[in-house]
Amino acid sequence: QVLLVFAEEDDQSNGFRWACDKAGFRCNIARTPQSALECFLDKHHDIIIIDHRHSRYFDAEALCRSIRTTKASENTVIICVVQRHTDREESSIFPLISAGFTRRYIENSSRMACYNELIQLEFGQVQAQFKLRACNSLFTALEKSQEAIEITSEDHVIQYVNPAFETMMGYQIGELIEKELTEVPINEKKADFLDTINSCIKIGKEWQGMYYAKKKNGDSIQQNVKILPVIGQGGKIRHYVSISRLCNDNNKVEKTCECIQAESQTDTQTCRHKDMRKGSLDVRSTTSRGSDGSSQRRRSSMARVHSMTIEAPITKVINIINAAQESSPMPVAEALDRALEILRTTELYSPQLGTKDEDPHTSDLVGGLMTDGLRRLSGNEYILSAKQTHQVAGSLSSPISLNDIPPRITQAMENEEQWDFDIFELEAATHKRPLVYLGLKIFARFGICEFLNCSESTLRSWLQVIEANYHSSNSYHNSTHSADVLHATAYFLSKERVKQTLDPIDEVAALIAATVHDVDHPGRTNSFLCNAGSELAILYNDTAVLESHHAALAFQLTTRDGKCNIFKNMERNEYRTLRQVIIDMVLATEMTKHFEHVNKFVNSINKPLAALEENGNNGDGESIKTVLRSPENRILIKRMLIKCADISNPCRPREQCIEWAGRISEEYFAQTDEERRQGLPVVMPVFDRNTCSIPKSQLSFIDYFIIDMFDAWDAFADLPNLMEHLNNNIKYWKGLDGRNLRVLRPPPE
């Protein structure tokens, strides 16, 4: 089907209309952008031809962008008809590509020229799009197959394995992708046997037989294996597809479902894969993190982003149902419509945990951080802060001036602009009051007083009030954590890509949000408060209890006393805008929507930027600006920024990482102790101070929450030093775990 968008009838539109008739294509004509969009949404045309010659009628590029925002346009070919200019130099096509056009057509009203263009499109781009539409269905079949499937390149580099392969062999997909087959499965005939296989598949013949393979844990299993060479470009073998089925003790192949095998027409990036344990995304790379050279590292980051299978489970379900509707009888299609209505009204972004064999550390962490408790009251309701007395400005000692800071504290803050800044040295120098001093310095560097039109003494009083309402008795959620998050936020704000994106009001909001994001934290999780029936949980309906409290209390403390009201001189509308951004960022630190925030960030920001870079648009400032500066994307960037700052401990230098791990573990141990004392549900039973393995808990947290998020943030903000620390810390925790040590540090030699 073809849609012609021409404001007026002329020889060019008539030429294309005649060409459609001759080619046997169904054709619709639209005169306005609105009618064009409505017609396209109704008919889902394969080709759209838009007149770009006369800007006085409508903006062709704006229309193309509008069409491209719709899901239906994903596989649509859009052609731009431009004027023929013989008296000036050829213009660039990048603006047209950025707008979403597939190609341009220089005006030529010759009927045969129009006909030839349509025929070329049909046998070129349109047929290619038809093939792409089938990819999701093929990979869905692979993902659901009960047979273990492995796809390697012609050089025997692993490019894809399905969940059944992971289950059978005991590996996670991130341990295999981009690695060579350095260990060939062991068989009693070994060398001769492998030579037989290779001599068969290298000449394009499939091989099938039995052999014993070795699992990750060293166990030997017998498999029925079929290896198929796939002929690709140039008539050469480009991929090998291995299909394995487990054999039982009687050498009978266990019953499995049939699966679809299709010729591989894609490279590693299109061989999309999903970590079934997380069910949400897999952005890990096994080849390049920590490699030398900034440009190489950036290419690596973008490659990881491009290969992300970031679709949430609910998105995949909706896409599968939509595809199924196309070939379903009417009663089935109507039933699927009703199912879609239900799915679209429910927030289902977060991945689900896997089977009962899931690592208990991961299960407990996710259960404790991403749920609102078991909703069971015990009779021993936990009373928190509704009647608690909060510190106010009048009850505090006189704040010190920025120009009168003691030398030891000044020295401790000398390198606060560097990522390796030691917050614990400042904590010791300030006697556990780092937030006031670090806040004064960072806020001065960013010109916060000038923006808010408040005095330095007001800012000092405000910082003191906020710090006084952090609980110094908490081992982790105290003012040192707040100062650490403030430092990370300031560091991220200084990165070039972030500076290109955010306005001054965004920077102010981010720094304030980081300062207050955990104020009055009781040292217990949301799940604990909900289970205990705390007054805060009742006040906030068991939903984002702590985050709602932090945001609300921050504004209560600020506005109740003019001495510390940093907002008192702001214009009303600007204050409301700033307030909304601060609240949104504080609420973004709540973990139940972690995967939703990361999903949206990758799909709306990382992937479009990666596409621009791949298409050679690095220097096209307008295209990049369009991605970065849209209001919706700026919100996603601010949320991602504070989320990464909030849980950046695994990306800190090793000693800091270890110290933070000890502090959060102690806070969770204390919660488990109190849950048992009060007879409450124990939401994280693995955090028993007598049995818990801290290395295992850290590795589970890093694997489930940190790696994917920081891969995405690194691809955006370029943070090689953080990723290097992360890698080193993973190796450190793995080293302890490999020695079956449960403590923070190895014993002395």
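Helices (H or I, at least four residues) are DSSP runs, numbered from the N terminus. The expected span of a helix is 1.5 Å times one less than its number of residues. This is a predicted model, in which local features need pLDDT of at least 70 and side-chain atom pairs count only at pLDDT 80 or more, while totals for chains, interfaces and linings use all residues. Residues are numbered from 1 along each chain as its sequence is written, and side-chain values use heavy atoms, with hydrogens and water left out.

**Helix length and burial**

- Helix H26 covers residues 631-646, and at 1.5 Å a residue its 16 residues should span 22 Å. The C-alpha atoms at its ends are 23 Å apart, which agrees.
- Buried means under 20% relative accessible area, exposed over 50%, and partly exposed in between, using a 1.4 Å probe and protein chains only. In H26, 13 of the 16 residues are buried, so the rest of the structure largely encloses this helix.
- Helix H19 covers residues 504-516, and its 13 residues should span 18 Å at 1.5 Å a residue. Its end C-alpha atoms lie 19 Å apart, in agreement with that value.
- H19 is also largely enclosed by the rest of the structure, because 12 of its 13 residues are buried. Among them are Ile505, Asp506, Glu507, Val508 and Ala509.

**Helix pairs**

- Axes are lines fitted to C-alpha atoms, for helices over the stretch in contact, and angles run from 0 to 180 degrees between N-to-C directions. Helix H1 (residues 11-23) and helix H5 (residues 111-144) pack at about 55°, with their axes 8 Å apart. That makes H1 oblique to H5.
- Angles under 35 degrees count as roughly parallel, over 145 as roughly antiparallel, 65 to 115 as roughly perpendicular and the rest as oblique.
- H1 passes H5 in a right-handed crossing; a crossing is right-handed if the near helix is turned clockwise from the far one by less than a right angle, and left-handed if anticlockwise.
- Contact means heavy atoms within 4.5 Å. Residues of H1 that meet H5 include Gln12, Gly15, Phe16 and Trp18, and those on the H5 side include Arg111, Met112, Cys114 and Tyr115.
- The axes of helix H27 (residues 654-678) and helix H29 (residues 720-738) come within 10 Å and cross at roughly 55°. H27 and H29 are therefore oblique to each other, and H27 passes H29 in a right-handed crossing.
- From H27, Arg654, Cys657, Ile658 and Ala661 meet Asn728, Asn729, Tyr732 and Trp733 in H29.

- Ala488 lies in helix H17 (residues 479-493) and is buried, with a relative accessible area of 0%.
- Ala488 and Cys644 are 156 residues apart in sequence, yet 8.3 Å apart in space, C-alpha to C-alpha.
- Leaving aside neighbours within four places in sequence, Ala488 is in contact with Trp419, Ala645, Ser648 and Arg652.
- Ser697 belongs to helix H28 (residues 694-717) and counts as buried at 3% relative accessibility. The side chain of Ser697 reaches the backbone oxygen of Ile694 at 2.7 Å.

**Loop residues with positive phi**

- Asn453 lies in the loop between helix H15 (448-452) and helix H16 (456-468). Phi of Asn453 is near 60°, a positive value in a residue other than glycine.
- Asp520 lies in the loop between H19 and helix H20 (526-532). Phi of Asp520 is near 65°, again positive in a residue other than glycine.
- Asp520 is buried, with a relative accessible area of 1%.

Note on methods: Helix = DSSP H or I, 4+ residues; strand = E, 2+ residues; numbered from the N terminus. Polar contact = N/O pair within 3.5 Å; in protein donor to acceptor, adjacent residues only side chain to side chain.
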